[in-house]
Amino acid sequence: MKKIEAIIKPFKLDEVREALSELGASGLTVTEVKGFGRQKGHTELYRGAEYVVDFLPKIKIEVVIPSALVETAVEAIVKAAHTGKIGDGKIFVTAVEQVIRIRTGETDESAI
């Protein structure tokens, strides 16, 4: 099993969710986060005063899937989240050693 964490632009959430649902992802976690990478933030004008926005709003999606679906899921996320502009985001894939469903006690693949 693998855990995929994707940091994407907020307006791409629905497209990424739909792409993962089509692959059979049974559930995912979405968190509103702020951060920066190469974008380094930007400056904005508010009531005549200029100020720097260091942290940009992003969405973090976490999903645990069987190892066999990792490449397909990553490709689906890239395709759905891609705009071609700076700040499209990043995808992190890590190994998951164990999953336990609290309600039933199911473990590993049956608990996903």
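## About the model

Because the model is predicted, local features need pLDDT of at least 70 and side-chain atom pairs count only at pLDDT 80 or more, while totals for chains, interfaces and linings use all residues. Residues are numbered from 1 along each chain as its sequence is written, and side-chain values use heavy atoms, with hydrogens and water left out.

## Fold and overall shape

Let's start with the secondary structure. The protein has six strands and two helices, where helices (H or I, at least four residues) and strands (E, at least two) are DSSP runs, numbered from the N terminus. Going along the sequence, their order is β-α-β-β-β-β-α-β.

The radius of gyration of the protein is 17 Å, whereas a compact globule of 112 residues would come out near 13 Å. That radius is taken over C-alpha atoms, and the globule rule is 2.2 Å times the number of residues to the power 0.38. Along the principal axes, the C-alpha atoms fill a box of roughly 60 × 30 × 20 Å. Contacts (heavy atoms within 4.5 Å) tell us about sequence range too: of those between residues at least 6 apart in sequence, 72% join residues at least 24 apart.

## Surface and charge

Of the 112 residues, 29% count as buried. Here buried means under 20% relative accessible area, exposed means over 50%, and partly exposed is in between (1.4 Å probe, protein chains only). The accessible surface is about 7700 Å², with 52% of it belonging to carbon and sulfur atoms; these areas come from the Shrake-Rupley method with a 1.4 Å probe, and for residues only the protein chains shown count as cover.

## Salt bridges

The structure holds six salt bridges, each defined as a side-chain nitrogen of Lys or Arg within 4 Å of a carboxyl oxygen of Asp or Glu. One network links Lys-3, Glu-5, Lys-60 and Glu-62. Within this group, the closest N and O atoms of Lys-3 and Glu-5 are 4.0 Å apart, and Glu-5 also pairs with Lys-60 at 3.2 Å, N to O. Glu-5 belongs to strand E1 (residues 2-8) and Lys-60 to strand E5 (residues 56-65), so this pair ties together parts that are 55 residues apart in sequence.

How covered are these side chains? Glu-5 is buried at 18% relative accessibility, while Lys-3 is partly exposed at 25% and Lys-60 is partly exposed at 22%. Another salt bridge joins Lys-12 and Glu-15 (3.3 Å, N to O); Lys-12 is buried at 9%, but Glu-15 is partly exposed at 38%.

## Around Ile-59

Strand E5 also contains Ile-59, a buried residue with a relative accessible area of 7%. Leaving aside residues up to four places away in sequence, Ile-59 touches Ala-6, Ile-7, Ile-8, Pro-10, Leu-13, Val-30, Thr-31, Glu-32 and Val-33. The C-alpha atoms of Ile-59 and Val-33 are separated by 5.7 Å, although the two residues are 26 apart along the chain.
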